[in-house]
Amino acid sequence: MIRLGLRLAGRGGHGALARLALMAGAIGVGIALVLVLVGGTVGSLRRSERTNERNVPSQQGGYSAADEGLLWAPQELQAPRTPTVTNIAVAALGADPPVPPGTSGIPAPGTVLVSAELRRRIEAGTIEPPPGRVAGTLGPEMLGRPDDLVMMTGWELAALRAADPQAQMVASFPERDDFTNTGVLLENGDWPSALIGLPFVLLGISILLLPVLVLVGAGARVGARRREQRLAALRLAGATPHEMRVLTAVEGAVAGLAGSAVGVVAVVALRQVAIEQDAFFFADLTLPLLWVGLVVVMGPLLAAASAALAMGRVATKPLGPAREVPEPVGRRRWSVLAVAWVVFLIGIVATGNDGLDGAIAAWIVAIGFLGIVVGLIVAGPRLV
Amino acid sequence: MSAPVITGHGLVKHFGPTAALRGVSIDIQPGEVVAVVGASGSGKSTLLLCLAGVLRPDEGEVHFRGTRIDDASEAERSRLRRSDFGFVFQFGQLVPELPAIENIALPLLLDGVSRREAMTRAAEWSGRLGVDDVGAKVPGELSAGQQQRVAIARALITGPSVVFADEPTGALDSLAGEEVMLLLAGLARAEATAVVIVTHESRVAAYASREVLLRDGAVVTRAGVA
């Protein structure tokens, strides 16, 4: 049955090809939107986690002469007509100070570690060389983005205490996974712990996916008459409703697979643009394999489910679309439920989430709108 | 007389307020060719579709080889259409995307017969119907007569008990119509397959061994044809 479905999907002529291309394009746009939004959010969060930790380390505080740690004093250097450079003055406190991420050791007094972009600009003469000898390069763990201008200068303890009384002691740096700038698209890993904005990402995705649904619906309508004739002919030849669902699901899955491929190619291309613009490190835009897999698999699955559920009249009537029957009551019940659900969501938004924890309300709204989008994907072909 | 292969008893069917069938009863014997004739709107096609399990009658019963089928599930009636019934309609019965040879093989493919065997049997039937030279063409590339031959081959490839033909020559010129009816009636007799032909053309009805005349959804006469 699957083989027959594949043959039917591949032999539909210009109309079927146009429908396939439109649906695949729309699904591809949807998948790209989801991956770009989620990937961009995750990348931004990873980036800001590092810069926040750099500017205000979480393990910093007051100190005494008996402490072991690293005196840490970040500051922004702004010279006329030059970009801002972040300078982190550090001095060892005790015999065994913690080593900052992105370095192989604490810079000795009078030496400087610089970011790659800062080194490039110094060598190009567009930025004044820092005081002290450049002894090495800061790794990406200390940078927000590849073009960050950051340097870490080593100080004598007494000199730094005198120069910056506000300097804090960093007792330790948080444990992080190795920052491997491997350039691969995917890796096994977890979401950043600070992904508290996920409900709003889902909400954004839901809203952005609505126009995509219009495209999917438009695609489904291309060549609809010929398609209905084919489905009716199959039914007349003895295909059961279940077999019809399998056949059309295969056709939908083909469009979904093509859409997933389009989406992934688009995401890889956009990712490359973002990296070439030095906006992100490769690793920042690396998503967990499981999640990307889920999103990519969702394309064919939703398209197959949508096609199978959209069989409509012709699925049960071998005479084709010419002999319509009244709309069944069941669909009206679903319509009422859908409207009630939308009213409920609007109610939550309109009442300012009274009586609900903000995070819970955000999740309800986000999941609710995502549910509406999924519902529209499933019901879309019936509506157009 | 042997037991009828298919019977309809007291069939009533409404489309909205319009009564298409008003208590029609009919028996079809194995291997006989029955023409259901009548004016346009007399209920001929509705009767055929009720007997074939495509439409469910509002009242009455349809039995196939003694088993009631009008209350069978959609899947059961689909399987009947696949294995025990064949269909030849005026148009729209072929899958437009598939070449003629695969259209002929379609019921076998749906039935899980291996592709190799299905195509072999389809090739045999396309030869019997004289369309073996157009097997690779899709229906849109075939003449109306060739399409009907392909449809007949598809209807007979499973060795059905009954072939339902609804105006099978309606889209053909008289010569092509004659050829199609000769093939349909001849092959059905050779295969001992009963044929129910709905037509308003007397020359088509002449191929039947019996005529059933419908008027306003009711049987007027049942007549044997000499």
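pLDDT is the predictor's confidence in each residue, on a scale from 0 to 100. It matters here, as this is a predicted model.

Figure 1. The mean pLDDT of chain B is 88. A score of at least 70 is reached by 97% of the residues. Look for two strands in this chain. Strand β4 (residues 59–64) has the highest confidence in chain B, at 95. Strand β10 (residues 218–224) has the lowest, at a mean of 73. For the model, ipTM is 0.84 and pTM is 0.66.

**Figure 2. The makeup of chain A.** Chain A has 11 helices and 9 strands. The chain holds 384 residues, and 36% of them are buried. Now consider contacts in chain A between residues at least 6 apart in sequence. Of these, 81% join residues at least 24 apart.

**Figure 3. The largest nonpolar core.** This core has 118 residues. Five residues have the most contacts inside it: Val36(B), Phe164(B), Val195(B), Val196(B) and Ile197(B). Helix α2 (residues 13–55) of chain A gives the largest share of the core, 14 residues.

**Figure 4. Ile197(B) and the residues it touches.** Ile197(B) is among the residues with the most contacts inside the largest nonpolar core. Which residues does Ile197(B) touch, not counting those up to four places away in sequence? They are Val33(B), Ala35(B), Val36(B), Ala165(B), Pro168(B), Val204(B) and Ala208(B). One of them, Val36(B), is also listed among the residues with the most contacts in this core.

**Figure 5. Asp278(A), a residue with positive phi.** Most residues other than glycine have a negative phi. Asp278(A) is not a glycine, yet its phi is positive, near 60°. Find Asp278(A) in the loop between α7 (241–276) and β9 (287–288) of chain A. Is Asp278(A) buried or exposed? Asp278(A) has 12 other C-beta atoms within 10 Å, so it is exposed. The cut-off for exposed is 12 or fewer.

**Figure 6. Asp216(B), a positive phi in chain B.** Asp216(B) is not a glycine, but its phi is positive, about 50°. The residue sits in the loop between β9 (210–215) and β10 of chain B. Strand β10 is where confidence is lowest in chain B. Asp216(B) counts as partly exposed because it has 14 C-beta neighbours inside 10 Å.

Terms used: Residues numbered from 1 in each chain as written. Chains lettered and ligands numbered in written order. Predicted model: local features only at pLDDT ≥ 70, side-chain atom pairs only at ≥ 80, totals over all residues. Core = buried A, V, L, I, M, F, W, Y, C linked by C-beta atoms within 7 Å. Buried ≥ 20, exposed ≤ 12 C-beta atoms within 10 Å, placed from the backbone. Helix = DSSP H or I, 4+ residues; strand = E, 2+ residues; numbered from the N terminus. Contact = placed C-beta atoms within 7 Å.
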